[in-house]
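Here is a short briefing on a two-chain model, for you to read alongside the coordinates. Let's start with a pair of helices and then turn to the interface.

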2 protein chains.
Amino acid sequence: MQEIDNQDVINNFITTSGYDGQFSFDPQQDTKLFHFAANDFIVKAGAPLTYLFYLVKGKAKLYDVLANGKVSLIDFFTPPCFIGEMELIEQRPETAFSMQAITDCWCLALPIRSLQKKLLADPIFLRQICLYFVHKNYRTVKTAGNNAAFPVAQRLASFILLTAHDGLYSEKHVQVAEYLGISYRHLLYVLAQFVKDGYLVKQQHHYKITNLDALTALAQDVNESTN
Amino acid sequence: MQEIDNQDVINNFITTSGYDGQFSFDPQQDTKLFHFAANDFIVKAGAPLTYLFYLVKGKAKLYDVLANGKVSLIDFFTPPCFIGEMELIEQRPETAFSMQAITDCWCLALPIRSLQKKLLADPIFLRQICLYFVHKNYRTVKTAGNNAAFPVAQRLASFILLTAHDGLYSEKHVQVAEYLGISYRHLLYVLAQFVKDGYLVKQQHHYKITNLDALTALAQDVNESTN
DNA sequence: CCTCAACTGTGAGATTTCTCATACTTATGA
DNA sequence: TCATAAGTATGAGAAATCTCACAGTTGAGG
């Protein structure tokens, strides 16, 4: 994680992302900008949360580490969205989950410690956060519906497109299987199908997308229904 | 839906449910109390929403009517919880979903039209609603995890216990199948298993629970993980 | 009373997905 | 350098779940 000190860049992100409309005060003074390289952690479970982040560019994923030590993928995030807002609202000092950058990510960041009281008393911010929760909730309901409603191949196609990076898919199978709610074995079956059908080609440590159209077509229903 | 005008009863519900802590003002003046008989609609999709409800007693269920006309069960609610808060936050005039009473329900109710502005500017209320959303979100994530993680028999057991009324289970199979994300056919298989195993007995228009312990044991893992 | 739609119920075969057993490879730490 | 853990990979049989085809029951409306 690397701070970017260029005020022009910061201001540009602030205005184009709708960030400045989230508060009743002008946040520019207190706002920093951070860059996270792909695979960096934006927040790590159990670590103290020092910033309220606002993702303005990139893709990120949210993990939960279960009691038995297993890692399970919860959800994916694209701009604009808050990160750490649940902990802020609950006034809990550390993060419950881990958020990791999939691609390079840029986040506006507001220091929590000095601003928490102000934020929790700011009706505009609270209302915006409420709206954010409502939409997130709709989305979760839809997604949950999808998981029940669509076969694995379609969801996997959607998943590959979501997480692929420069046409390369390289998620850990164990985690993906858990995210999709299927067994490791079956995931490999379906991936093998995709390879057999020419959608993917297996390479050293990843899969390369060789038929983007086919995957997109497969994923279409899932995505439509989620939007 | 029937208004209950007994101020003692109202006050009792207000104080025991934590309702009065949800606002920065004293809501007692504006609060009504309604009783809904089992199977009544508390809110109906598309109808104008005139009250923000706060369920203080009973069980209710939330439906979505899909584009193709099918009905799908989204979630279940037990006290204390808000009903209509998503629409209030979004300032959308009608309800998106339908909420129906499973057992007899009692709801405190605050007229929206006259109080919307006040509520949307009330930091305490907004913060409480935010907390409510956060918890609801945790719950949804857990539930979604469960649906992937547990076999149908266990989820069905949990579901039966949740919706049963006086030891009788009488949900529409079509809707339950959709809620559990399984086919109608398979639901009947599993129900038949339960009957064969002596957990349920089929009667005229419903099933009677004949082995509560067994069902509870089956549902235990699911419920534990959801709390 | 008749008809239609919705709900319930069952059988049989196909498909999806799981479990288990077993290896090979790679990274990591002692 | 060796041992161990984690990730990857595959086969085979079992279990879960789906699709389809068909039929009986019930309730509402003409």
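In chain B, α5(B) and α7(B) are roughly perpendicular to each other, because angles of 65 to 115 degrees count as roughly perpendicular. This is a predicted model, in which local features need pLDDT of at least 70 and side-chain atom pairs count only at pLDDT 80 or more, while totals for chains, interfaces and linings use all residues. Residues are numbered from 1 along each chain as its sequence is written, chains are lettered from A in the order in which they are written, and side-chain values use heavy atoms, with hydrogens and water left out.

**Helix α5 against α7 in chain B**

- Helix α5 (residues 152-163) of chain B packs on α7(B) at an angle of about 75°, with the axes 11 Å apart; axes are lines fitted to C-alpha atoms, for helices over the stretch in contact, and angles run from 0 to 180 degrees between N-to-C directions.
- Helices here are DSSP runs (H or I, at least four residues), numbered from the N terminus.
- From α5(B), the residues V152(B), A153(B), L156(B), A157(B) and I160(B) meet H186(B), L187(B), V190(B), L191(B) and F194(B) of α7(B), where contact means heavy atoms within 4.5 Å.
- Sorted by class, this contact of α5(B) with α7(B) has nine nonpolar residues, one polar and no charged; Ala, Val, Leu, Ile, Met, Phe, Trp, Tyr, Cys and Pro count as nonpolar, Asp, Glu, Lys and Arg as charged, and the others, Gly among them, as polar.

**Helix α6 against α7 in chain B**

- Helix α6 (residues 173-180) and helix α7 (residues 184-196) of chain B pack at about 100°, their axes 9 Å apart, and are therefore also roughly perpendicular to each other.
- On the α6(B) side the contact is made by H173(B), V174(B), V176(B), A177(B) and L180(B), and on the α7(B) side by Y184(B), L187(B), L188(B) and L191(B).

- The contact takes 25 residues from chain A and 25 residues from chain B.

Note on methods
Helix = DSSP H or I, 4+ residues; strand = E, 2+ residues; numbered from the N terminus. Parallel < 35°, antiparallel > 145°, perpendicular 65-115°, else oblique.
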